[in-house]
Each structure stands twice: as C-alpha cells, then as structure tokens.
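Here are my notes on the model you sent, written as numbered points. Please read them with the structure open beside you.

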Amino acid sequence: MRSRPLDVPFATPAVGGTTARSLSTVRNLGILAHVDAGKTTVTERVLHLTGATHKRGEVHDGTTVTDFDPQERERGITISAAAVSCDWAGHRINLIDTPGHVDFADEVERSLRVLDGAVVVFDAVAGVEPQSESVWRQADRHRVPRIAFVNKMDRAGADLDGTVAAIRDRLGAVPLAVQLPVGREDGFTGVVDLVRPRALAWSGDGAAPAEGPVPADLREEVARRRALLVEQVAERHPAALEEYCVRADLSAPVLEAALRDLTRAGEVVVVLCGSAYRNRGVEPLLDAVVAYLPAPLDVPAVRGRAVASRGGSDAGEQERPADPAGPFAALVFKVLAAPTGRLTCLRVYSGTLRKGDTVLDAGTGRTERIARILRVQADRHTELDLAVAGDIVAVAGPKAARTGATLCAPGAPLVLEPPRAARPVVSVAVEAVRAADPGRLAVALARAVEEDPSLHVGTDPETGQTVLAGMGELHLEVTVERIRRAHGIEIAVGRPQVAYRETVVRGVTGLEYRHVKQDGGAGQFARVVLDVAPLPGNTGEDGDGGDGFVFRSAVTGAQIPREYVAAFENGCRDALAEGPLGGHPVTGVRVTLTDGATHPKDSSDLAFRTAGRLALRAALRASAMVLLEPVAEVVVTVPGDSVGAVLGDLAARRGRVTGSRTVGNTGVLTARMPVSGLFGWASALRSRTRGRGTFTARPTGYVPVTSA
C-alpha cells in the first residue's frame, strides 16, 4: 500500500501566512458519473491508496466504505452522497461519493453546491451516457471545475479517444488528454504521462507503479500527441503562448501551471485514464486532483444576502472570503438521522467554528448550540475541536436547521443561496397496515423529508390518503423500504402516479374582478383587472412548464398601494396550487395587474389576497388550458434479436424513438417516453429480452399529454 504520491510535478505555492498555506492544501471535490461507471470503486481505491482504509472495499462484495447503507450494498448502487476524507501529498482531500442513478440526482445537486471541484468518471466502453450528461450540466450550473477519469480501460471495447471525442461533442467541453494508455483492453498495463513524458506501469493489484522511459513503439505517437496538447494549451494561455513562441514547445512546469489555470477557470478538462478495479491509474489521478483542482482560496468568495442583526430586514449583498479569522458562515447541505442522534452536515465558507459555540440560523432567526464537531468518514466519525473555512464537517446539536439553511455568527447574519430543490415527478399513496402505526408513520415520513428534501409528503384531498412523492419509482421504493427497516412499520403502498401539471396555452386580457364582502363589521373591498398569458416555452419539448409564475404590476401607487399589490400577488400564487382541469398545480403563467381600485375603509391586505386568488381562478377557467406530463429520455440496451419486440413495446408505452445504433450484437435505442410508461417496464423489458435488456432514464421536462 502506498501512502506517498508519485513524483508530483506541481507543488502548491505558499500564499503567505499559516492560514493561507493550510487552506491552499485543501481540496473539496465530488466523484460524479453515470450509474455503474465505477465511481464508488474509484473512491474505494483512493481511500486505500491514501491509507484511510486498510482493506480495499468492493461493490460486488458489499464491503465498500461509502456505500454503507444495507440497501446500497444489496442493490450495488449508491443511494446517498457520502463524505470521506484522506491525505495525499501533504494535502487534505474532502471527497463526496455521489449517486449515479437519476432518481437520486438531487443528492448530486446538494453536493455540488458545496464543492470546489469534481472528478467525472466515464466508462471507457460506454463513453458519455445519459446521466453523465445530467451531472455535467449540474456541474456547469454551479461552475465547478472538473477533471475526467476514463475508467475500465481493461474492458473489451475500451476507447479513450472515442470517449474524449464524446466529451467534446456531447458535453461541449474542451477535453485535453494528458495520458496515453499502454496496452489495449485486457492487455492494459499502464499509461504514458504526456505532460512529463514518462511511462507508469502496474505489475499487479495493489503494487506501486514503476516509472520508466516511454516504450520505443509509442515514442512517435507520444511526441505527436504531446505536440497537439502543447498547441491547444498555448492557444488558450498567455504565459504558455509566450514560451511557445520562443521554443516551439512548453517545459513541463509551464505546461502544468497552464493546465492548472485553465482547469480552474473552467476552460478545459484534463482527461486521465485507468482501471480502478485493477488499481491502475489511481495514483496519477490523485496527483492531478492536487495539481489541477482548486483549493478554497482559489474559488471566488461566497456571496450572500446580509440581514440586519435585529428585525431581519434586508441589508444588501455581501461577500465572505475563505478566511478563518472572518465572521463564521456555513451552509447546511445534508441532514442525517444517525444512531447517535441528528447530524447536520456543513460546508464552512468563512470563519472558525468551535465546539460549544452558539450560531444563528439566518433564515429562521433561531439560535443553535454546537455540541460536537465531527470529521465524517461515511458512517464513522472522528471528533474535532474546531472547523475552519474550507472544511466539510458534521455537527451535533442543531435541532431545527434544515437542508439549505445558513448557520452564521449571531453578530453577522448572512443568508447563502440554498441548493435548488428538485420537483417530484412520481407519487404513491402510503398507509400503515397496523392500527397502532399511523402516528409512527407520520413521524418517520417527516424525518425522511428532513433528510431528503426531494421527497414531498401531502394528503390527497379526495381520498384523505397520505401521498409520498419523489423523483422516480426507485427513489420511492428505497424510501419506503428504509422506513420499514428503521422503524419496524408495515406499510401498504399504492400504485405509482405521475405528477401532472396544468398550463395556459391561450390566456385572457382585461378580466375584471370585484371582491366585496359586508357582514356587519369591517367590510372587504378590492377591484382588480388582470391579463393572463402563457410563458414562452411552457408547452414545448424539453419544457418544464415554463418554470413557474411571473408577476408584473402595471398600476401606479395612486391606484393600488404597493402593499396591496404584494397581497394580490400572494393570492395569485395561492390560486396556482389547483388548476381547473384536474386540480393539478399550474405552471408557466404570466399575470399582469393592469388596473384596480380600493375603498378608503374596506380595502386591506386580506381583501386583495382573496381577490388575487379568486380572480386568477376565474381567469384560468376562461383561458385555454392544457395538461402536462413528465417525460424522460430513455436509453435501452438490448440483444440485436430483441430490437423489434422492444420497439413495439416502446410504441405501446407512447415512447418515441429518437436514435438507434448497433454495437456488436447489441442494439442501443434512444427514446422519449412519458414517465408513466416507465412504471413496471424493468420487469417487462427483462421478460422480452430473456433477462439481457437494460435501460436508463432521465427526466427531461414536461410536454402536453397525448392519447395512447
């Protein structure tokens, strides 16, 4: 086992002062990938090589550190993001292993919100897969720099160049391969480092790589590829271009520094390759993490909305640099119900947190006491005396802080932007089988929602049943099974239902509504005139219902006071909860308040909120509405002789084939299918393909409902 890196070509420079030097040696990164690309295996090899574990965990044996939940080990997939820490080359690496299945994409979203960099793992045979694209777009949205690791180079059909081309063409990135594989498929034994031309060869599982000269039969190809790499870097980096103009080449230090700058700026993606399962290529990957991905000091200072210490009024936007001496500010990105009690996972952005400190939940105004600070190692914890800017830790003590909450110094309140919550697309009715368990089930569901904000619990107004909504069948199945095991509750589960939406396709103009109420006391009066129109793209392909609601007021303060306009807007939002077609949420609507009137005594916030709710309901009934349903992009892999049967099944489920290709004796079909058509399809597909067919699906938005 090696706990010492290879000859690391880049040493992080000191930035002045003990604090700056310590922050420069921290890396907060996530491991992202499509399901089965090898994320967890990469994580396990990293932990073993760095000495954080003494035995290599294996997914197929159920012995992994990060997949510690019994369901994760039984199913062989990552369900919850798990944080671990290790040391490499004098650097502290805080690593989060994220799920690859689309049903748990919200875990990836919350993790990316608090990370500084990422390693994206690709299958060398499959290349860029659907969920690879999803996590890549999530990282783009959060502007997270990343490097790529092309895994499974020892498999038949492994193709580094093909994967690099797919990253460029399908993800719109600029991939720069800094390695060349030595040997193909089962003969893959090592890599050639193009930055500092040398060969690294692994002779056996767990053995340290042997460094040597470039093999003679590869020298010409290595020279060609390195020249291409140098040209691409020089085109994009001024300092590199300056040296290139003089020498027509780049020295290793200049090339490394340029790659570091370009990676951290998000302009290029460094690509490495290997086979994590066979322990080949992981050490250079760790070196690349240290060399190219940013430290907390290298990313822009976090921005938040400052609020006044008293009264909670908005005090403008502020920046908080990663300074341990600054005011404390941290974002809650995960809540865990551990056997020892409730744990709150934090990314500390500024300041220092000590055991026993009192912090403020800036969103609620509630103070919380920090009883313990823990370094998280999946399901194991080590106690710490303090946490500083740049740390990712768990704390015990806070009882009410939710995911997305900002914990900060009471004297310097700040609200950080929370992770974006996903909208549920599938729901099931759940009820306790035993008469004594309904109360326990309600508590268990509330705890599940607290841990996973992508879950929603509500009540069906017609049947009175409790409804659990989430991101897919698997998501709900895992949640229900977790409650059964953790709480010993027998649960009956209804058939899955999709989360429909309603939207406007043709609105109304100049609808007038008068709300007048007299009951002997103070009356209510509000007169409003409004226009309702669809938002652009609210019924198009890949739309999500127009992403909600847009309100605009075209009246002056003399007609309707500002506070009454705000009350009217809130009333409109109330009306969006149930649409006229079937009581589904309404989305993709633009409302403009064009005119109105008040009464000197009877007008109030309540009157205008009521008018907003009733007026918009009347406007929606007068508008042309359409029902929307969630759709998914489906990639199906089946034996060649089963393609015809699967095409027929896709058509029966209202799927529309958008592409097909053949890989050997296997057919790969891409289709768009309503989420409702995916219910029970896994079993049907296995039946039609004699157990050899598989599929992946990722939600792509909402489209109008069509008949079967």
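1. The axes of helix α5 (residues 130-141) and helix α6 (residues 160-171) come within 11 Å and cross at roughly 60 degrees. That makes α5 oblique to α6, where oblique is what remains after roughly parallel (under 35 degrees), roughly antiparallel (over 145) and roughly perpendicular (65 to 115). Axes are lines fitted to C-alpha atoms, for helices over the stretch in contact, and angles run from 0 to 180 degrees between N-to-C directions. Helices are DSSP runs (H or I, at least four residues) and strands likewise (E, at least two), numbered from the N terminus.

2. This is a predicted model, in which local features need pLDDT of at least 70 and side-chain atom pairs count only at pLDDT 80 or more, while totals for chains, interfaces and linings use all residues. Residues are numbered from 1 along each chain as its sequence is written, and side-chain values use heavy atoms, with hydrogens and water left out.

3. The crossing of α5 and α6 is right-handed; that is, the near helix is turned clockwise from the far one by less than a right angle, and left-handed means anticlockwise. Which residues make the contact? On α5 they are E133, W136 and R137, and on α6 they are I167, R170 and L171; contact means heavy atoms within 4.5 Å. By class, this contact of α5 with α6 has 3 nonpolar, no polar and 3 charged residues. Nonpolar covers Ala, Val, Leu, Ile, Met, Phe, Trp, Tyr, Cys and Pro, charged covers Asp, Glu, Lys and Arg, and the others, Gly among them, are polar.

4. Helix α7 (residues 219-236) and helix α9 (residues 252-264) have axes that come within 10 Å and cross at roughly 55 degrees. That makes α7 oblique to α9, and the crossing is left-handed. R226, L229, V230, V233 and R236 of α7 meet A252, L255, A258, L259 and L262 of α9. The contact of α7 with α9 has 8 nonpolar, no polar and 2 charged residues.

5. Helix α11 (residues 438-451) packs on helix α12 (residues 473-487) at about 125 degrees, their axes 11 Å apart. That makes α11 oblique to α12, and α11 passes α12 in a right-handed crossing. From α12, the residues are T479, I483 and H487; from α11, they are R440, L441, A444, L445, R447 and A448. This contact of α11 with α12 divides into 5 nonpolar, 2 polar and 2 charged residues.

6. How many cavities of 30 Å³ or more does a search of the whole structure find? There are 3. A cavity is a set of points on a 1 Å grid over the protein atoms alone where a 1.4 Å probe fits but cannot get out, and lining residues have an atom within 4 Å of a point. The second largest cavity holds about 60 Å³, and its lining has 10 nonpolar, no polar and no charged residues. α10 gives the largest share of that lining, 3 residues.

Note on methods. On a 1 Å grid over the protein atoms alone, a cavity is a set of points where a 1.4 Å probe fits but cannot get out, and a pocket is an open set with protein on both sides within 12 Å along at least five of seven lines; lining residues have an atom within 4 Å of a point. Grid points are joined across faces, edges and corners, and a volume is the space filled by probe spheres set on the points.
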